[in-house]
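Colleague: I would like to go through this model with you. Could you show it first, please?

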Amino acid sequence: MASFPLSVNEKLIARSRAVGELLAPTSPFDKKCGRENWTVAFAPDGSYFAWSQGHRIVKLVPWSQCLTNFLLHGTKNVANSASTRLPRQNSDSSQRNKPCEHIIDCGDIVWSLAFGSSVPEKQSRCVNIEWHRFKFGQDQLLLATGLNNGRIKIWDVYTGKLLLNLMDHTEVVRDLTFAPDGSLILVSASRDKTLRVWDLKDDGNMMKVLRGHQNWVYGCAFSPDSSILCSVGASKAVFLWDMDKYSMIRKLEGHHNDVVACEFSPDGALLATASYDTRVYVWDPYIGVILREFGHLFPPPTPIFAGGANDRWVRSVSFSHDGLHIASLADDKMVRFWRIDEDYPIQVAPLNNGLCCTFSTDGSVLAAGTQDGSVFFWATPRQVSSLQHLCRMAIRRVMPTSQVRNLPAPSKVMEFLCYQI
(Lines give C-alpha, C1' and ligand atoms only; values in the text may rest on other atoms or scores of the structure.)
Protein backbone atom coordinates (compact mmCIF):
# COMPACT_ATOMS: atom_id res chain seq x y z
CA MET A 1 0.00 0.00 0.00
CA ALA A 2 1.52 3.32 -1.03
CA SER A 3 1.50 6.04 1.58
CA PHE A 4 -0.26 9.28 0.73
CA PRO A 5 1.77 12.42 -0.12
CA LEU A 6 2.66 14.50 2.91
CA SER A 7 1.32 18.01 3.23
CA VAL A 8 3.72 20.96 3.21
CA ASN A 9 3.67 21.06 7.01
CA GLU A 10 4.30 17.34 7.37
CA LYS A 11 7.36 17.41 5.08
CA LEU A 12 9.19 19.38 7.76
CA ILE A 13 8.37 16.98 10.59
CA ALA A 14 11.22 15.21 12.36
CA ARG A 15 11.51 11.43 12.22
CA SER A 16 11.30 9.61 15.54
CA ARG A 17 14.41 7.72 16.66
CA ALA A 18 14.05 3.93 16.60
CA VAL A 19 14.83 2.33 19.96
CA GLY A 20 14.46 -1.34 19.14
CA GLU A 21 12.50 -4.21 17.63
CA LEU A 22 11.19 -7.51 18.93
CA LEU A 23 10.70 -9.72 15.89
CA ALA A 24 8.41 -12.71 16.21
CA PRO A 25 9.98 -16.05 15.23
CA THR A 26 8.67 -17.48 11.97
CA SER A 27 8.81 -20.77 10.12
CA PRO A 28 8.08 -21.59 6.46
CA PHE A 29 4.82 -23.33 7.41
CA ASP A 30 3.38 -20.56 9.60
CA LYS A 31 -0.04 -19.38 8.59
CA LYS A 32 -0.29 -15.64 8.04
CA CYS A 33 -3.68 -15.55 9.72
CA GLY A 34 -3.39 -15.78 13.49
CA ARG A 35 -0.02 -14.05 13.86
CA GLU A 36 -1.51 -10.60 14.42
CA ASN A 37 -0.30 -8.59 17.39
CA TRP A 38 -3.54 -6.86 18.39
CA THR A 39 -2.37 -5.50 21.73
CA VAL A 40 0.84 -4.44 23.45
CA ALA A 41 0.94 -3.48 27.13
CA PHE A 42 3.26 -2.13 29.82
CA ALA A 43 2.83 -3.01 33.49
CA PRO A 44 1.62 -0.08 35.66
CA ASP A 45 4.95 -0.01 37.51
CA GLY A 46 6.96 -0.29 34.29
CA SER A 47 8.46 -3.64 35.27
CA TYR A 48 7.12 -5.75 32.39
CA PHE A 49 6.18 -5.51 28.74
CA ALA A 50 3.75 -7.98 27.15
CA TRP A 51 2.65 -8.67 23.60
CA SER A 52 1.03 -11.39 21.52
CA GLN A 53 3.40 -13.12 19.11
CA GLY A 54 0.46 -14.75 17.39
CA HIS A 55 -0.65 -18.40 17.37
CA ARG A 56 -1.79 -18.36 21.03
CA ILE A 57 1.56 -17.18 22.44
CA VAL A 58 2.00 -14.18 24.75
CA LYS A 59 5.50 -13.06 25.66
CA LEU A 60 6.25 -11.34 29.00
CA VAL A 61 9.65 -9.64 29.26
CA PRO A 62 11.21 -7.44 31.96
CA TRP A 63 11.17 -4.00 30.40
CA SER A 64 14.44 -2.71 31.88
CA GLN A 65 16.32 -5.76 30.62
CA CYS A 66 14.65 -5.36 27.25
CA LEU A 67 16.00 -1.80 26.99
CA THR A 68 19.43 -3.01 28.04
CA ASN A 69 19.38 -5.62 25.27
CA PHE A 70 18.57 -2.91 22.73
CA LEU A 71 21.63 -0.95 23.87
CA LEU A 72 23.90 -4.00 23.82
CA HIS A 73 22.74 -5.68 20.62
CA GLY A 74 21.39 -2.80 18.57
CA THR A 75 17.79 -2.11 17.64
CA LYS A 76 17.06 -5.50 16.03
CA ASN A 77 16.23 -8.33 18.40
CA VAL A 78 14.58 -11.64 17.56
CA ALA A 79 12.15 -12.35 20.37
CA ASN A 80 13.29 -15.94 21.00
CA SER A 81 16.95 -15.56 20.03
CA ALA A 82 19.23 -17.62 22.25
CA SER A 83 21.88 -14.89 22.29
CA THR A 84 19.50 -12.33 23.77
CA ARG A 85 17.19 -14.51 25.82
CA LEU A 86 16.26 -13.02 29.19
CA PRO A 87 16.36 -14.93 32.50
CA ARG A 88 13.49 -17.39 32.96
CA GLN A 89 11.55 -17.71 36.21
CA ASN A 90 12.47 -20.70 38.38
CA SER A 91 10.56 -22.25 41.26
CA ASP A 92 12.58 -20.47 43.98
CA SER A 93 10.26 -18.12 45.83
CA SER A 94 13.19 -15.78 46.49
CA GLN A 95 13.12 -14.92 42.78
CA ARG A 96 9.49 -13.77 42.91
CA ASN A 97 10.26 -10.07 42.94
CA LYS A 98 12.99 -10.36 40.33
CA PRO A 99 11.45 -9.74 36.89
CA CYS A 100 11.92 -12.75 34.62
CA GLU A 101 10.77 -13.69 31.15
CA HIS A 102 7.72 -15.89 30.54
CA ILE A 103 6.26 -17.43 27.40
CA ILE A 104 2.57 -18.18 27.89
CA ASP A 105 0.45 -20.46 25.72
CA CYS A 106 -3.10 -19.12 26.05
CA GLY A 107 -4.76 -21.97 24.13
CA ASP A 108 -6.36 -19.75 21.47
CA ILE A 109 -5.68 -16.62 19.41
CA VAL A 110 -5.08 -13.65 21.71
CA TRP A 111 -6.92 -10.42 20.89
CA SER A 112 -6.36 -8.35 24.02
CA LEU A 113 -4.02 -7.89 26.98
CA ALA A 114 -4.14 -5.85 30.17
CA PHE A 115 -2.03 -5.61 33.31
CA GLY A 116 -3.65 -5.16 36.70
CA SER A 117 -2.05 -4.45 40.09
CA SER A 118 -3.61 -4.86 43.50
CA VAL A 119 -4.03 -2.43 46.39
CA PRO A 120 -4.90 -4.40 49.56
CA GLU A 121 -7.03 -1.57 50.98
CA LYS A 122 -9.36 -1.83 47.98
CA GLN A 123 -11.88 -4.46 49.05
CA SER A 124 -14.10 -6.55 46.82
CA ARG A 125 -17.45 -4.96 46.00
CA CYS A 126 -19.09 -8.26 46.94
CA VAL A 127 -19.28 -7.57 50.69
CA ASN A 128 -21.29 -10.67 51.63
CA ILE A 129 -18.58 -13.19 50.87
CA GLU A 130 -15.96 -13.64 53.58
CA TRP A 131 -13.92 -16.40 51.96
CA HIS A 132 -12.03 -16.06 48.70
CA ARG A 133 -9.86 -18.50 46.84
CA PHE A 134 -7.22 -15.87 46.10
CA LYS A 135 -5.71 -13.38 48.56
CA PHE A 136 -4.05 -10.74 46.46
CA GLY A 137 -1.13 -9.04 48.18
CA GLN A 138 0.32 -5.59 47.65
CA ASP A 139 2.95 -6.87 45.22
CA GLN A 140 0.42 -8.74 43.08
CA LEU A 141 0.70 -8.18 39.34
CA LEU A 142 -1.76 -9.88 36.98
CA LEU A 143 -2.04 -10.21 33.22
CA ALA A 144 -5.46 -10.67 31.60
CA THR A 145 -5.66 -12.16 28.11
CA GLY A 146 -8.79 -11.98 25.95
CA LEU A 147 -9.19 -14.86 23.52
CA ASN A 148 -10.82 -15.70 20.22
CA ASN A 149 -13.20 -18.19 21.88
CA GLY A 150 -14.66 -15.56 24.25
CA ARG A 151 -12.68 -16.65 27.31
CA ILE A 152 -10.53 -14.44 29.52
CA LYS A 153 -7.52 -15.99 31.24
CA ILE A 154 -5.85 -14.36 34.24
CA TRP A 155 -2.15 -15.05 34.83
CA ASP A 156 0.28 -14.36 37.68
CA VAL A 157 2.97 -12.24 36.04
CA TYR A 158 5.69 -13.26 38.49
CA THR A 159 5.21 -17.02 38.09
CA GLY A 160 3.50 -17.31 34.71
CA LYS A 161 0.81 -19.52 36.25
CA LEU A 162 -2.86 -19.50 35.25
CA LEU A 163 -5.07 -18.24 38.10
CA LEU A 164 -8.56 -17.79 36.63
CA ASN A 165 -10.50 -18.73 33.53
CA LEU A 166 -13.44 -16.36 33.00
CA MET A 167 -16.19 -17.65 30.72
CA ASP A 168 -19.27 -15.68 29.77
CA HIS A 169 -18.67 -13.88 26.47
CA THR A 170 -19.94 -15.67 23.37
CA GLU A 171 -17.63 -13.98 20.86
CA VAL A 172 -14.07 -12.61 20.58
CA VAL A 173 -12.88 -10.58 23.59
CA ARG A 174 -11.58 -7.58 21.69
CA ASP A 175 -10.28 -5.44 24.56
CA LEU A 176 -9.59 -5.49 28.30
CA THR A 177 -8.95 -2.76 30.87
CA PHE A 178 -8.33 -2.78 34.62
CA ALA A 179 -9.57 -0.02 36.91
CA PRO A 180 -6.50 2.10 37.76
CA ASP A 181 -7.44 2.32 41.46
CA GLY A 182 -6.01 -1.11 42.33
CA SER A 183 -9.43 -2.69 42.96
CA LEU A 184 -8.76 -5.40 40.32
CA ILE A 185 -12.06 -4.57 38.63
CA LEU A 186 -11.69 -5.77 35.03
CA VAL A 187 -13.87 -4.71 32.09
CA SER A 188 -13.98 -6.72 28.86
CA ALA A 189 -15.26 -5.59 25.46
CA SER A 190 -16.49 -8.21 23.01
CA ARG A 191 -17.88 -8.81 19.57
CA ASP A 192 -21.00 -10.13 21.31
CA LYS A 193 -21.98 -6.42 21.63
CA THR A 194 -21.53 -6.29 25.40
CA LEU A 195 -19.11 -5.12 28.06
CA ARG A 196 -18.74 -7.24 31.17
CA VAL A 197 -17.46 -6.17 34.57
CA TRP A 198 -15.46 -8.70 36.62
CA ASP A 199 -14.28 -8.52 40.24
CA LEU A 200 -11.01 -10.45 40.47
CA LYS A 201 -10.85 -9.93 44.25
CA ASP A 202 -14.08 -11.93 44.35
CA ASP A 203 -12.43 -14.81 42.47
CA GLY A 204 -13.43 -13.41 39.10
CA ASN A 205 -17.13 -12.99 39.78
CA MET A 206 -18.95 -11.24 36.92
CA MET A 207 -20.66 -8.24 38.47
CA LYS A 208 -22.48 -6.57 35.59
CA VAL A 209 -23.22 -6.68 31.86
CA LEU A 210 -23.24 -3.28 30.15
CA ARG A 211 -25.53 -3.21 27.12
CA GLY A 212 -26.03 -0.39 24.65
CA HIS A 213 -23.83 -1.12 21.67
CA GLN A 214 -25.76 -2.34 18.66
CA ASN A 215 -22.69 -3.84 17.01
CA TRP A 216 -19.21 -5.13 17.90
CA VAL A 217 -17.44 -3.42 20.79
CA TYR A 218 -13.84 -2.75 19.83
CA GLY A 219 -12.31 -1.05 22.84
CA CYS A 220 -12.75 0.29 26.36
CA ALA A 221 -10.80 2.49 28.77
CA PHE A 222 -11.16 3.69 32.36
CA SER A 223 -10.75 7.29 33.43
CA PRO A 224 -7.77 7.77 35.81
CA ASP A 225 -10.05 7.91 38.87
CA SER A 226 -11.90 4.75 37.73
CA SER A 227 -15.28 6.50 37.89
CA ILE A 228 -15.97 6.61 34.13
CA LEU A 229 -15.60 3.96 31.44
CA CYS A 230 -15.44 4.78 27.74
CA SER A 231 -16.35 2.12 25.20
CA VAL A 232 -16.13 2.33 21.41
CA GLY A 233 -17.27 0.13 18.58
CA ALA A 234 -18.83 -0.27 15.17
CA SER A 235 -21.50 2.12 13.89
CA LYS A 236 -19.60 5.26 15.04
CA ALA A 237 -20.39 4.51 18.69
CA VAL A 238 -18.65 6.19 21.65
CA PHE A 239 -20.27 5.54 25.03
CA LEU A 240 -19.48 6.89 28.49
CA TRP A 241 -20.53 4.84 31.53
CA ASP A 242 -20.87 5.70 35.22
CA MET A 243 -18.97 2.87 36.92
CA ASP A 244 -20.54 3.50 40.32
CA LYS A 245 -24.09 3.07 39.02
CA TYR A 246 -23.24 0.96 35.95
CA SER A 247 -25.38 3.26 33.83
CA MET A 248 -24.76 5.12 30.60
CA ILE A 249 -23.84 8.80 31.04
CA ARG A 250 -23.93 9.91 27.42
CA LYS A 251 -23.19 8.92 23.85
CA LEU A 252 -20.64 11.01 21.95
CA GLU A 253 -21.44 11.63 18.29
CA GLY A 254 -19.14 13.00 15.62
CA HIS A 255 -17.22 10.15 13.97
CA HIS A 256 -18.23 8.97 10.47
CA ASN A 257 -17.03 5.37 10.69
CA ASP A 258 -16.27 2.62 13.21
CA VAL A 259 -14.45 3.84 16.31
CA VAL A 260 -11.75 1.35 17.27
CA ALA A 261 -9.71 2.81 20.15
CA CYS A 262 -10.03 5.23 23.06
CA GLU A 263 -7.93 6.52 25.94
CA PHE A 264 -8.26 9.19 28.64
CA SER A 265 -5.59 11.76 29.37
CA PRO A 266 -3.67 11.29 32.67
CA ASP A 267 -5.78 13.97 34.39
CA GLY A 268 -9.06 12.61 32.99
CA ALA A 269 -10.00 15.95 31.41
CA LEU A 270 -9.61 14.72 27.82
CA LEU A 271 -10.64 11.63 25.87
CA ALA A 272 -8.98 10.59 22.60
CA THR A 273 -10.82 8.34 20.14
CA ALA A 274 -9.51 6.80 16.90
CA SER A 275 -11.72 5.91 13.97
CA TYR A 276 -11.71 4.39 10.53
CA ASP A 277 -12.91 7.81 9.33
CA THR A 278 -9.21 8.90 9.17
CA ARG A 279 -9.50 11.05 12.31
CA VAL A 280 -8.55 11.15 15.96
CA TYR A 281 -10.88 13.31 18.04
CA VAL A 282 -9.97 14.80 21.40
CA TRP A 283 -13.11 15.29 23.48
CA ASP A 284 -14.10 16.95 26.71
CA PRO A 285 -15.85 13.84 28.08
CA TYR A 286 -17.79 15.85 30.68
CA ILE A 287 -19.69 17.98 28.18
CA GLY A 288 -19.33 15.89 25.01
CA VAL A 289 -17.55 18.56 22.94
CA ILE A 290 -14.81 17.90 20.38
CA LEU A 291 -11.83 20.10 21.31
CA ARG A 292 -9.33 18.96 18.69
CA GLU A 293 -9.32 16.98 15.44
CA PHE A 294 -6.19 15.24 14.20
CA GLY A 295 -6.63 14.35 10.54
CA HIS A 296 -4.66 11.63 8.75
CA LEU A 297 -5.74 12.52 5.23
CA PHE A 298 -5.36 15.94 3.60
CA PRO A 299 -7.56 17.52 2.55
CA PRO A 300 -10.05 15.99 5.03
CA PRO A 301 -12.35 13.45 3.35
CA THR A 302 -16.05 14.00 2.86
CA PRO A 303 -18.34 12.10 5.27
CA ILE A 304 -19.26 9.60 2.52
CA PHE A 305 -15.60 8.81 1.76
CA ALA A 306 -14.66 8.77 5.45
CA GLY A 307 -17.46 6.31 6.14
CA GLY A 308 -16.17 3.73 3.68
CA ALA A 309 -12.96 1.85 2.89
CA ASN A 310 -10.78 4.93 2.58
CA ASP A 311 -7.36 3.21 3.00
CA ARG A 312 -6.44 5.61 5.85
CA TRP A 313 -8.06 3.85 8.78
CA VAL A 314 -6.68 4.96 12.14
CA ARG A 315 -6.06 1.77 14.11
CA SER A 316 -4.88 2.96 17.51
CA VAL A 317 -4.38 5.98 19.75
CA SER A 318 -2.49 6.49 23.01
CA PHE A 319 -2.03 9.34 25.50
CA SER A 320 1.41 10.05 26.93
CA HIS A 321 1.99 10.31 30.67
CA ASP A 322 2.79 14.03 30.35
CA GLY A 323 -0.73 14.80 29.11
CA LEU A 324 0.68 16.84 26.23
CA HIS A 325 1.32 14.21 23.55
CA ILE A 326 -0.80 11.70 21.65
CA ALA A 327 0.37 8.92 19.35
CA SER A 328 -1.71 7.49 16.52
CA LEU A 329 -1.20 4.60 14.13
CA ALA A 330 -2.87 4.44 10.72
CA ASP A 331 -3.04 2.24 7.63
CA ASP A 332 -0.90 4.67 5.62
CA LYS A 333 2.27 3.06 7.10
CA MET A 334 2.84 5.94 9.49
CA VAL A 335 2.97 6.45 13.26
CA ARG A 336 2.36 10.06 14.26
CA PHE A 337 3.12 11.98 17.44
CA TRP A 338 0.90 14.99 18.14
CA ARG A 339 0.84 17.79 20.68
CA ILE A 340 -2.63 18.45 22.02
CA ASP A 341 -2.31 22.16 21.16
CA GLU A 342 -1.05 21.80 17.56
CA ASP A 343 -2.85 20.78 14.37
CA TYR A 344 -0.01 18.85 12.73
CA PRO A 345 2.16 15.98 14.00
CA ILE A 346 5.49 16.95 15.52
CA GLN A 347 7.20 13.62 14.78
CA VAL A 348 6.50 10.63 12.52
CA ALA A 349 7.86 7.11 12.12
CA PRO A 350 7.40 4.52 9.34
CA LEU A 351 5.58 1.28 10.16
CA ASN A 352 4.14 -1.36 7.86
CA ASN A 353 0.96 -3.21 8.85
CA GLY A 354 0.66 -1.64 12.28
CA LEU A 355 -2.28 -2.62 14.49
CA CYS A 356 -1.78 -1.12 17.96
CA CYS A 357 0.38 1.27 19.96
CA THR A 358 0.90 2.38 23.54
CA PHE A 359 3.28 4.59 25.52
CA SER A 360 5.58 3.13 28.13
CA THR A 361 4.72 3.85 31.76
CA ASP A 362 7.12 6.80 31.94
CA GLY A 363 6.17 8.03 28.46
CA SER A 364 9.71 7.80 27.06
CA VAL A 365 9.01 5.04 24.50
CA LEU A 366 6.16 4.14 22.16
CA ALA A 367 5.58 0.46 21.37
CA ALA A 368 3.64 -0.62 18.27
CA GLY A 369 2.51 -4.11 17.27
CA THR A 370 2.15 -5.39 13.72
CA GLN A 371 0.30 -8.04 11.75
CA ASP A 372 3.23 -10.48 11.85
CA GLY A 373 3.45 -10.52 15.66
CA SER A 374 6.45 -8.18 15.96
CA VAL A 375 6.88 -5.03 18.06
CA PHE A 376 8.71 -1.82 17.19
CA PHE A 377 9.82 0.89 19.63
CA TRP A 378 10.54 4.59 19.17
CA ALA A 379 11.75 7.37 21.41
CA THR A 380 8.91 9.82 22.03
CA PRO A 381 8.95 13.63 21.91
CA ARG A 382 10.18 14.90 25.26
CA GLN A 383 9.96 18.35 26.76
CA VAL A 384 9.72 19.87 30.20
CA SER A 385 6.08 20.61 30.97
CA SER A 386 5.31 24.20 31.85
CA LEU A 387 4.28 25.10 35.38
CA GLN A 388 0.93 26.22 33.97
CA HIS A 389 0.28 22.81 32.44
CA LEU A 390 1.29 20.98 35.62
CA CYS A 391 -1.09 23.16 37.62
CA ARG A 392 -3.83 22.55 35.06
CA MET A 393 -3.39 18.78 35.35
CA ALA A 394 -3.45 18.97 39.16
CA ILE A 395 -6.72 20.91 39.06
CA ARG A 396 -8.35 18.73 36.41
CA ARG A 397 -7.55 15.52 38.29
CA VAL A 398 -10.05 16.56 40.95
CA MET A 399 -12.43 18.91 39.13
CA PRO A 400 -14.72 18.15 36.17
CA THR A 401 -15.47 20.82 33.57
CA SER A 402 -18.68 21.97 35.27
CA GLN A 403 -16.81 22.78 38.49
CA VAL A 404 -13.95 24.47 36.65
CA ARG A 405 -16.41 26.78 34.92
CA ASN A 406 -17.69 27.93 38.32
CA LEU A 407 -14.26 29.06 39.48
CA PRO A 408 -13.81 32.83 39.98
CA ALA A 409 -11.15 33.05 37.25
CA PRO A 410 -10.64 35.22 34.12
CA SER A 411 -12.01 33.85 30.86
CA LYS A 412 -8.55 33.15 29.42
CA VAL A 413 -7.59 31.14 32.49
CA MET A 414 -10.91 29.30 32.23
CA GLU A 415 -10.27 28.43 28.58
CA PHE A 416 -6.79 27.18 29.44
CA LEU A 417 -8.08 24.99 32.26
CA CYS A 418 -10.73 23.55 29.95
CA TYR A 419 -8.11 22.83 27.21
CA GLN A 420 -9.83 25.23 24.84
CA ILE A 421 -6.60 27.10 23.99
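Colleague: Where is the place of lysine 333?
Modeller: Lysine 333 is in the loop between β24 (325-330) and β25 (334-339). Strands and helices here are DSSP runs, numbered from the N terminus, with at least two residues (E) for a strand and at least four (H or I) for a helix. Please note that this is a predicted model, in which local features need pLDDT of at least 70, side-chain atom pairs count only at pLDDT 80 or more, and totals for chains, interfaces and linings use all residues. Residues are numbered from 1 along each chain as its sequence is written, and side-chain values use heavy atoms, with hydrogens and water left out.

Colleague: What is phi of lysine 333 near?
Modeller: Phi of lysine 333 is near 65°, a positive value in a residue other than glycine. Lysine 333 is partly exposed, with a relative accessible area of 27%. Buried means under 20% relative accessible area, exposed over 50%, and partly exposed in between, with a 1.4 Å probe and protein chains only.

Colleague: And aspartate 203, in which loop is that found?
Modeller: Aspartate 203 is in the loop between β13 (194-199) and β14 (205-211). Its phi is positive, about 60°, although the residue is not a glycine. Aspartate 203 is partly exposed, with a relative accessible area of 24%.

Colleague: Which residues does the cis peptide bond join?
Modeller: The cis bond joins phenylalanine 298 and proline 299, with omega about -5°. Proline 299 is found in the loop between β22 (289-295) and α2 (303-306).

Colleague: Let us turn to the rings. How many aromatic pairs does the structure hold?
Modeller: There are 15 aromatic pairs. Rings of Phe, Tyr and Trp (its six-membered ring) pair if their centres lie within 6.5 Å; planes under 30 degrees apart count as stacked, over 60 as edge-to-face and the rest as tilted. One of the pairs is phenylalanine 42 with phenylalanine 49, tilted, at 4.8 Å centre to centre and 50° between the planes. Phenylalanine 42 and phenylalanine 49 are both buried. Phenylalanine 70 and phenylalanine 377 have ring centres 5.4 Å apart and planes at 50°, so this pair is tilted.

Colleague: Which parts does that last pair tie together?
Modeller: Phenylalanine 70 lies in helix α1 (residues 63-73) and phenylalanine 377 in strand β29 (residues 375-379), so the pair links parts 307 residues apart in sequence. Phe42, Phe49, Trp51, Trp63, Phe70 and Phe377 form one aromatic cluster.

Colleague: Which residues of α1 are buried?
Modeller: Trp63, Cys66, Asn69 and Phe70 are buried in α1. Seen down the axis of α1, the buried residues fall within an arc of 110° (taken from the directions from the helix axis to the C-beta atoms), so they line one face of the helix. On the other side of α1, Leu71 and Leu72 are exposed.

Colleague: What do the buried residues of α1 pack against?
Modeller: They pack against β2 (18-22), β3 (40-42), β4 (48-54), β5 (57-62), β28 (365-370) and β29; contact means heavy atoms within 4.5 Å.

Colleague: One more topic: what is the order of the open sheet of 4 strands?
Modeller: The order is β7-β8-β9-β10, with antiparallel pairing; two strands pair if DSSP finds at least two bridges between them. β7 (110-117) and β10 (162-167) stand at the edges, each with a single partner strand, so one side of each lacks a neighbour in the sheet. Strand β8 (residues 141-147) and strand β9 (residues 151-156) pair in the antiparallel sense over 5 bridges.
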